[in-house]
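Hi there,

Here is the structure I promised to pass on to you. Have a look at it first, and then read my notes below.

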Amino acid sequence: MTLPTLLVLDADPPPRLGRLTGRVRVEHADASTLAERLPSADVLLVWDFTSHAVRAAWPGGGPRPSWVHTASAGVDHLMCPELAVSDTVVTNARGVFDRPIAEYVAALVLAMAKDLPRTLALQRERTWLHRESRRVAGTRACVVGSGPIGRAVAGTLEALGVTTALVGRTARAGSDGAAAVHGPEDLDRLIARADWVVAAAPLTERTRGMFDARRFGLMQPSAHFVNIGRGPLVVEDALAEALEQRRIAGAALDVFDSEPLTADSPLWDVPGRVVSPHMSGDTLGWRDELGAQFVELYELWAAGKPLVNVVDKQRGYVPGH
């Protein structure tokens, strides 16, 4: 019996796929070899979810895998027109990062409300400076992106006493305990009254650059902006200017237009910023969770059963939320 071929776009450390031993032929590729190896693969596992190699390699000649799985929530790094119109099924890692990212956002909100970055800076200087901090309960948040990550963020903030509005692609009423979702037409009104604006939307042509100078201008001077979605959701120069001019009180950024963030980026130095290196969802054991999730999906694929976490390739995310 001929074994299916699983092609892995590598990252270090490699995925643990123990249950698939002897059931699949595993090959490996990097950006320089992916194009030549794609035609022989039945399945492509995009383990290196920071790479744009799939977008570059997919348009070439020859057969293509019938299924592509990316070990990430976002799919913008691999989508190209040829993949979007193909019969290839694309799945993502929905479900792995929801709770960790929600915890990270809650930590950022609490840290900014309680002025913890300045406390740590003053501690390093051995400076005793009494201040008053902000109460989180009773404040308002607008979470932009109504997928599993956005819903988890909203639920965690609500548990802290924050009144939270969720904005998605379309408005819909809440049901079975799920929160109602506002449509894009409500976004400007909601961010204008929010104390915390959280970007958790997928990157699509509709969302690229959605946080620009106009939107930062709508926010209150006391508002804080948090981005754990995708870097290109934000016009970074406009954000840097808003922080420099104190038009908003602060920003916590975990994703950027270009990563790693270059040493000359103004976002390192503007007032009120917290910069972290794309780590909001990366808790201890997260790679093992991603590997286990892929193995479970492979079991479905091998048995000819419908896959879960199937991405709508035109929209750029898993529909139904």
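Let's start with helix H4, where the buried residues are Asp98, Pro100, Ile101, Ala102, Tyr104, Val105, Ala106, Leu108, Val109, Ala111, Met112 and Ala113. Please keep in mind that this is a predicted model. With 12 of its 16 residues buried, H4 is largely enclosed by the rest of the structure. What do those buried residues pack against? Their partners are helix H5 (116-125), H6, E8, E9, E10 and E11.

Just after the helix, Asp115 takes a positive phi of about 60°.

Next, the nonpolar cores. The largest one has 45 residues, and Val153 and Phe294 are those with the most contacts inside it. Strand E1 (5-9), strand E3 (43-46), H4, strand E6 (140-144), helix H6 (148-159), strand E8 (196-199) and H10 are the elements that give two or more residues to this core. Which of them gives the most? That is H4, with eight residues. If you click on Val153, you will find that it touches Ile101, Ala102, Val105, Val143 and Val198, leaving aside residues up to four places away in sequence. Apart from this core lies another, of 32 residues, and Met219, Ala223, Leu261 and Val270 are among them.

Now for the aromatic rings. How many aromatic pairs are there? The count comes to nine aromatic pairs. In one of them, Phe97 and Trp286, the ring centres are 6.3 Å apart and the planes are at 50°, so the pair is tilted. Phe97 lies in the loop between strand E5 (89-91) and helix H4 (98-113), while Trp286 is in helix H10 (residues 286-302), so this pair ties together parts that are 189 residues apart in sequence. Both Phe97 and Trp286 are buried.

Tyr298 and Trp301 form a pair as well: their ring centres are 5.4 Å apart with the planes at 45°, so this pair is tilted. Both residues lie in helix H10, three residues apart, which is about one turn of the helix. Are they buried or exposed? Tyr298 is buried, with a relative accessible area of 2%, whereas Trp301 is partly exposed, with a relative accessible area of 24%. Together with Trp67 and Phe294, Tyr298 and Trp301 form one aromatic cluster.

The charged end of Arg134 sits over the ring of Trp196, 5.4 Å from its centre. Arg64 lies over the face of Trp58, at 5.8 Å from the ring centre.

Just after H9, Arg246 takes a positive phi of about 60°.

Enjoy exploring it!

Best wishes

Key:
Residues numbered from 1 in each chain as written. Predicted model: local features only at pLDDT ≥ 70, side-chain atom pairs only at ≥ 80, totals over all residues. Heavy atoms only, no water. Helix = DSSP H or I, 4+ residues; strand = E, 2+ residues; numbered from the N terminus. Phe/Tyr/Trp six-rings, centres within 6.5 Å; stacked < 30°, edge-to-face > 60°. Buried < 20%, exposed > 50% of the residue type's maximum accessible area, 1.4 Å probe, protein only. Lys NZ or Arg CZ within 6 Å of the ring centre and 35° of its normal. Core = buried A, V, L, I, M, F, W, Y, C linked by side-chain atoms within 4.5 Å. Contact = heavy atoms within 4.5 Å.
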